Amino acid sequence: MHFSTLLAGVLLALSVNALPTPSPAPESKPGLVTLPLRRLEQRSTSHPLIAHQQNINRSHRRYARMTGRREPSSEELHENLRKRVLSVEGEEGLKKRYNRFVPPKQQAARDEENLEKRYNRMGVPKSAKKTKAKAAGSGAVLASSLAKGKHTKASTNQDKAKANGKGKGGNGKGKGIAIGAGAGAGAGAGAAAGAGAGAAAGTGAGAAAGTGAGAAAGAGPGAAAGAAAAPAAVTVANAPSGADSLGLDIEANDVGYLAKIQMGTPPQDFEILMDSGSADLWVGAENCVSDAGGGCGNHKFLGPQASSSFVDTKNPFSVTYGTGSVSGDIVTDDIVVAGLALKAHTFGVATTESVDFSDDSTPFDGLMGLAQSQQTLTPIEALAKGGLVADAITSYKISRLADAKNDGEITFGGLDDTKFDAQTLVTLDNVSQQGFWGGDMDAVTVDGKDAGLQGRTAILDTGTTLIVAPPSDAAAVHALITGAKDAGQGSFTVPCTTTASVALTFGGTSFAIDPRDIAFQPVDPNNPTGDCISGISAGQIGGATEWLVGDVFLKNAYFSTDVTKNTVSLAKLV
């Protein structure tokens with residue numbers, strides 16, 4: 001079975017129906033612009049519990065990087081996944097994955113075929129053939145290089161010391177988990193994540209094998225039926241609720257979010273993954289190569305040939321995420337976000353990408369980080385500094401696949417008060433010391449019953465799919481859910497038909513989580529009324545009072561971040 005990781009974590013990408021002409025700063029009072037979200041759906045061929053383990057692994061690594069702690073080693077994460085495969089598929093499953101032997105001549109033929117498929121942009125370099133031949137003997141890297149996901153980095157932004165100056169190591173090729181998908185799938189780490197960057201179609205030959213959240217991320221009985229047949233397609237978003245709007249797509253069934261911006265002169269559309277858990281903007285360079293050899297796939301690229309306003313500073317940049325890495329040069333060029341033009345904006349172009357990003361199945365051309373910058377201004381910070389929007393505020397209304405409303409939006413410059421109940425708006429001081437977003441969490445309840453978990457803090461991250469809590473906290477919450485069971489290694493199951501109302505309290509306001517988000521995905525896709533994997537998992541991600549709160553919760557609240565005031569806000573949706 002082929003696997004691919006979820007690049008998690010969130011992932012947001014802007015999308016427009018037509019290419020706008022760069023516009024000058026508006027003459028009227030600067031305000032805000034909104035980008036509607038659209039969905040990208042995909043299927044998963046992994047067993048839900050195995051895919052879920054990949055998602056947990058990704059979340060653990062992501063949180064460690066976000067908080068500056070020691071991240072779990074590849075060996076630790078590999079062992080977690082091995083145990084999960086053993087529990088689901090038994091010794092026979094392990095033998096198939098770890099001891100798969102193919103006669104040399106047959107393997108060589110497979111390698112050649114896989115190379116021709118992968119390097120379809122610049123041809124198959126001789127060095128890639130040599131590299132692939134060596135990889136074949138190791139069983140190929142599994143995409144579990146950590147399902148989110150998402151990433152954090154060492155780059156033009158975000159605390160370089162945190163990543164210890166790592167350039168492109170990360171968990172890209174060579175450090176993935178070798179659960180044999182064959183040499184062909186090995187190089188692919190799945191672009192989806194935990195922003196997957198997230199969540200997209202995974203990468204490598206395994207394509208959508210391990211999306212972390214699986215194809216039925218909406219969970220609950222309704223979502224289960226769609227899991228087996230979910231196509232790898234985009235669900236078009238509703239028309240924007242306001243002027244100067246662009247669409248945002250949900251990637252991989254509520255796992256991440258995508259969209260388009262314009263870059264260069266003349267402006268061209270680039271599909272960009274929007275990530276609240278990092279702070280760098282980058283796209284592929286015209287001379288981009290994959291670290292596995294060959295080109296960077298069927299994507300858009302930026303450089304002097306495509307753009308007359310492109311300027312290469314020759315200064316290096318590198319970003320290491322939870323499931324991949326890029327490195328290249330810092331450049332300046334014109335970009336347009338929702339019709340608002342930033343002249344000579346500073347960002348990166350990747351001359352080298354791990355296969356997480358370079359593979360054809362990765363549905364985006366680059367990534368936009370929306371955490372707080374450490375050096376180079378993020379687009380929202382630059383928009384505010386240039387007077388194009390009122391404030392350096394980014395707000396999220398994340399839609400749910402199961403609702404079929406396609407009404408998710410991201411707003412730059414302020415809060416869209418048509419999306420939430422103003423009476424419920426709470427604003428919290430940001431508790432993150434590394435430039436990410438979080439706040440004090442007052443309480444956790446289940447059907448109104450207090451779980452006794454006061455004094456907690458939560459990192460709020462659109463690039464993380466699950467909620468990850470300290471083991472004792474996760475156990476306390478599930479003890480209050482009728483029919484919940486410990487599935488081992490941080491996973492829990494709940495009845496797919498549960499009506500339990502789990503709520504997190506911030507700033508004195510209780511925010512309930514839809515039971516469909518708690519019943520995250522059926523353990524057996526053919527039994528949508530049986531047991532479901534819980535959207536709340538356990539993990540040693542930090543201190544005993546620290547939670548990582550992702551989209552399982554954020555789909556149930558309006559979420560906003562303010563760079564200038566260093567605050568986060570939450571409100572109940574309308």
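So, which residues have the most contacts inside the largest nonpolar core? They're L504, F506, W547, F553 and L570, in a core of 84 residues. By nonpolar core I mean buried Ala, Val, Leu, Ile, Met, Phe, Trp, Tyr and Cys residues joined through side-chain atoms within 4.5 Å, with buried being under 20% relative accessible area, 1.4 Å probe, protein chains only.

Quick housekeeping: this is a predicted model, so to speak of local features we need pLDDT of at least 70, and side-chain atom pairs count only at pLDDT 80 or more, while totals for chains, interfaces and linings use all residues. Numbering runs from 1 along each chain as its sequence is written, and side-chain values use heavy atoms, without hydrogens or water.

Back to that core: strand 12, residues 340–353, gives the most to it, 4 residues. Strands here are DSSP E runs of at least two residues, numbered from the N terminus. Then take F553: leaving out residues up to four places away in sequence, F553 touches I467, L504, F506, F511, I513 and L570, where touching is heavy atoms within 4.5 Å. There's also a second, separate core of 12 residues, including L258 and F357.

Now E353, also in strand 12. E353 counts as buried because its relative accessibility is 3%. Its side chain has a polar atom 3.5 Å from the backbone nitrogen of S358. Among the residues E353 touches beyond four places in sequence are W282, C288 and D291.

Finally, confidence. Mean pLDDT, the predictor's per-residue confidence from 0 to 100, is 73, with 65% of residues at 70 or more. Over residues 242–248 pLDDT stays under 50, yet the model has 38 contacts there beyond four places in sequence.

Key
Buried means under 20% relative accessible area, exposed over 50%, partly exposed in between (1.4 Å probe, protein chains only). A polar contact is a pair of N or O atoms within 3.5 Å; within protein, one must be able to donate a hydrogen and the other to accept it, and residues adjacent in sequence count only if both atoms are side-chain atoms.
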